[in-house]
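Could you walk me through this model in my viewer, one selection at a time? I would like to know what to pick next and what is there.

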Amino acid sequence: MPPTTGVVIHGQDLSATEMLERARIAEKIGVDEVWLVQLPSLRDSAAVLAAMARVTDRVTLGAGVLPFYTRPPVTMAQTAMTIDELSGGRFALGVGTGHRVTAEWMLGVPMGPPVDAMREYLTVITSLVRDGEVHLDGAWFKAHAVYVSPRRAAMPVYVGAFGPALAELAGELADGLVLWMCTADYVRDVVMPALLRGLRKSGRSLDGFPVLAMVPGAVADDLAGDREHLRRYLAAYARVPTYRRMYELSGFGEELTRGVVSDAMLDGIAVIGGEEDIAAMADRYRAAGVTQVVVTPMVSAHSERALFVRTVEALMSR
């Protein structure tokens, strides 16, 4: 699979109109993919992706990722196939488990065991996408449905994961893997072995299997200010148990115990600097096994369109 490049258009503090304009800009620069994240406090990314389908012509549009507690699996599949139809077959669905506090406290949706529940959820989605029909009575999800509107059986369904158990499940059942804020070393040493185990279970290999890494990054004019802003951002994530476990496995446990996000941790997870630093980041992740490098413009590159453009152009230099 030839390597591809992409960009995340983060919706925080941007109007929907600006998000659509940035999708057009990114396509014009030449990226292969435009991805949207979904956070509990933001607008619905699936609706924005449907709008992006009508203002772009070439790029793959990806949901990375939609938490599985936000929609029943049949509805998630219907949403994805509708966007795929609107885009002319350019959509990729990423689904993830999200976080228990959001599911249960904000939405009132009970969560089952992440791997077991995701296995059933994926089975429903992939059955509807590939076969147009599903019948499942599982422990966590039940689904009996057909889909008679136009559908593309090859529409890819990714799993968003960074723990080894879900990475293995992605290799077993999904069409690709989405990673977020992982170091390149963690991808190589933890994620890829787990993914390979899952692929072997399904009789597949890494050949042709997409591994996508979303990496926070920015071409920065205010290097010190942007680094400190992102350091605080990472410190908040490091308090979430799932992320903390990943960062401990990445070798940052001692400093997290002290409540510190060191320069080494910052530089391992994100890239803030000049154009050459963005390009070097892409090389680093591809060497670890990533096939789709997707930059997430952060801090000033998020708020200032000119720096957004420079960041995307720097990624395209690789």
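A crossover counts as right-handed if, with the strands pointing away from you, the path from the first strand over the helix to the second runs clockwise. Keep that in mind as we begin; note too that this is a predicted model.

**Stop one: a β-α-β unit.** Select strand S7 (residues 157-160), helix H6 (residues 164-173) and strand S8 (residues 176-180): together they form a right-handed β-α-β unit. S7 and S8 run parallel, joined by three bridges, and Gly160 has Val178 as its bridge partner in S8.

Show the residues of S7 itself. Val157 and Val159 point one way, Tyr158 and Gly160 the other way, and all are buried. In a regular strand the side chains alternate between the two faces of the sheet.

**Stop two: helix H13.** Select residues 305-316, the twelve residues of H13. At 1.5 Å a residue they should span 16 Å, and the end C-alpha atoms are 17 Å apart, which agrees. Colour the buried residues of H13: Leu307, Phe308, Val309, Thr311, Val312, Ala314 and Leu315. Among the elements that cover them are strand S1 (4-8), helix H1 (16-29) and helix H11 (275-288).

**Stop three: Thr5.** Stay with strand S1, where Thr5 is found. Is Thr5 buried or exposed? At 5% relative accessibility, Thr5 counts as buried, since the cut-off is under 20%. Its contacts include Leu315 and Met316, along with Val31, Asp32 and Arg286.

Key
Residues numbered from 1 in each chain as written. Predicted model: local features only at pLDDT ≥ 70, side-chain atom pairs only at ≥ 80, totals over all residues. Heavy atoms only, no water. Buried < 20%, exposed > 50% of the residue type's maximum accessible area, 1.4 Å probe, protein only. Helix = DSSP H or I, 4+ residues; strand = E, 2+ residues; numbered from the N terminus. Pairing = 2+ DSSP bridges. Expected span 1.5 Å × (residues − 1). Contact = heavy atoms within 4.5 Å. Lists of a residue's contacts leave out its neighbours within four places in sequence.
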